[in-house]
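Hi,

Here's the structure I promised to send over. Have a look at it first, then read on for what turned up.

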Amino acid sequence: MCSAYVSSDEIRDQFSRAMSAMYQQEVPQYGTLLSLVEAVNQEVLAANPELKSELQNGDELARINVERHGAIRAGSPDELAMLRRMFAVMGMEPVGYYDLSTAGVPVHSTAFRPVADSALKRNPFRVFTSLLRLELIEKAELREQASEILSARDIFTANVKTLIGRFEQQGGLSTDDAKQFVQEALETFRWHDNATADLAAYERLHDEHRLIADVVCFRGPHINHLTPRTLDIDEVQRRMPSVGIDPKATIEGPPRRDCPILLRQTSFKALEETIAFADAAEGKHTARFGEIEQRGIALTRKGRELYDRLLAVAKESAPQVANNDAHQAHLSAVFKDFPDAYEDLRREGLAFFHYQAVQGVSVQGPISVEQVDSLIDQGALSVTPMIYEDFLPVSAAGIFQSNLGGSSHDHYASSASQQEFEQALGSAVIDEIALYTQRQQASLEQALAQLAG
Ligand code: OOG
Ligand code: NI
């Protein structure tokens, strides 16, 4: 008998909804945050019809209310490799490599996310996934203890492993299997308040780095935050205290602009958990937090270089204040050198766009890639900004640090090691810039073909 398989997009959509429901139960402040973000998004759209139609044209509006990313931290290469296979069932592929060791966090990371236009429109759910780098722990004894504790755990249910194998073999899952997969996959990310380590081991690892204790001492890579996308992060940050949420001091990323670029993020500490350790001792651990983000246009390599350069200038010349208004004013002054009109960003090759053919315009001159500027001037081609779907290492480091609390390493004696990461993962990571380039090119070719046809 032949039965149609459920699409990976559908499984990802179901999973992201199930994850959100679970996290609302686990961390009530996340539910409060969702309501606040939704209220602000509605106000922004009501006050800004132009933005509303821009989002509508780019097929962005429908996804905003379901859009969120999560983050997890894996303990070993085997765990990471299996996570890759699990996310593949949901049409999520590893995109980008992020080295956090230079920022004092002993991990490197990727983002599992959908890559095709149609999949991103359906549900762009992403999971920022870090791998602990035990090799960066200097004390050999501690390193061994950590790897011993980790090797005793299996973060996947037997059923989910069977279903992943079935997906790989058949090329899809039936409706019933997909439903079961979602429930079983959720188990990997669930919070457990009983640790696998005893209190003394926890404390030793915690003294080395709080993140190490968080990864090593628990039954699995609990989801540590889920982040909704807001259309006005400054407004949500302002209103957070009124709903009992205390955000970190500053918003990470670029300043507020007419044409938002990349990604702006802020987070807050959500919960101090009571933990039952393996030796029955009771203790406390802060694992889960909240975060919001505002996404803007994706930048080309040239645009990204300018962003990184200006961010470095801002950091070097920063007045030492942890006050968001002063920080934002300073950033805005430095970012005056970053063009803030979409047409300038496009002509200077700083950002990525989707191209559309405009019907009913009689075109003067040839229809070709070389004539794009002229076709836009004639009104025969229109563009919409391509949204940045990835993360920023400097921002991620800021998010990690603010949630790990004060005492962290300045840096680890190591550098990026994409090759080792990919070896653990069992595949290469996809270059995000190549993805944006391909999508832009495909939309331009299609638009030109429509004009010519
Ligand atoms: C991940 C922190 C990074 C982001 O949005 O940049 C992150 C973590 O704490 O595990 O989520
Ligand atoms: Ni995050």
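To start: where is the place of N123? N123 sits in the loop between α6 (117-122) and β4 (126-132). Keep in mind that this is a predicted model. N123 is buried, because its relative accessible area is 0%, and buried means under 20%. The side chain of N123 makes a polar contact of 3.0 Å with the side chain of S16. A polar atom of the N123 side chain also lies 3.0 Å from the backbone nitrogen of F125. Leaving out residues up to four places away in sequence, N123 touches R12, D13, S16, V66 and P114.

Next, the metal. The nickel ion (ligand 2) is coordinated by H69 (NE2), H225 (NE2) and E291 (OE), at 2.1 Å. Along the chain, the donors follow the spacing H-x155-H-x65-E. H225 is in strand β5 (residues 225-228) and E291 is in strand β9 (residues 289-295), so this pair ties together parts that are 66 residues apart in sequence. H225 is buried, at 5% relative accessible area, and E291 is buried too, at 2%.

Then there's the nonpolar side of things. The largest nonpolar core has 72 residues, and those with the most contacts inside it are L100, L205, Y307, F335, F338 and L381. Helix α19 (residues 432-452) gives the largest share of this core, six residues. Apart from this core lies another one, of 62 residues, including I72, L163, L231 and V429. As for F338, its contacts include R257, I261, L299 and G303, not counting residues up to four places away in sequence.

Cheers

Definitions and conventions
Residues are numbered from 1 along each chain as its sequence is written. Chains are lettered from A and ligands numbered from 1 in the order in which they are written. This is a predicted model: local features need pLDDT of at least 70, side-chain atom pairs count only at pLDDT 80 or more; totals for chains, interfaces and linings use all residues. Side-chain values use heavy atoms; hydrogens and water are left out. A nonpolar core is a set of buried Ala, Val, Leu, Ile, Met, Phe, Trp, Tyr and Cys residues joined through side-chain atoms within 4.5 Å. Buried means under 20% relative accessible area, exposed over 50%, partly exposed in between (1.4 Å probe, protein chains only). Helices (H or I, at least four residues) and strands (E, at least two) are DSSP runs, numbered from the N terminus. Contact means heavy atoms within 4.5 Å. Donors are N, O and S atoms within 2.8 Å of the metal (3.2 Å for Na, K and Ca); water is not among the atoms, so sites may look incomplete. A polar contact is a pair of N or O atoms within 3.5 Å; within protein, one must be able to donate a hydrogen and the other to accept it, and residues adjacent in sequence count only if both atoms are side-chain atoms.
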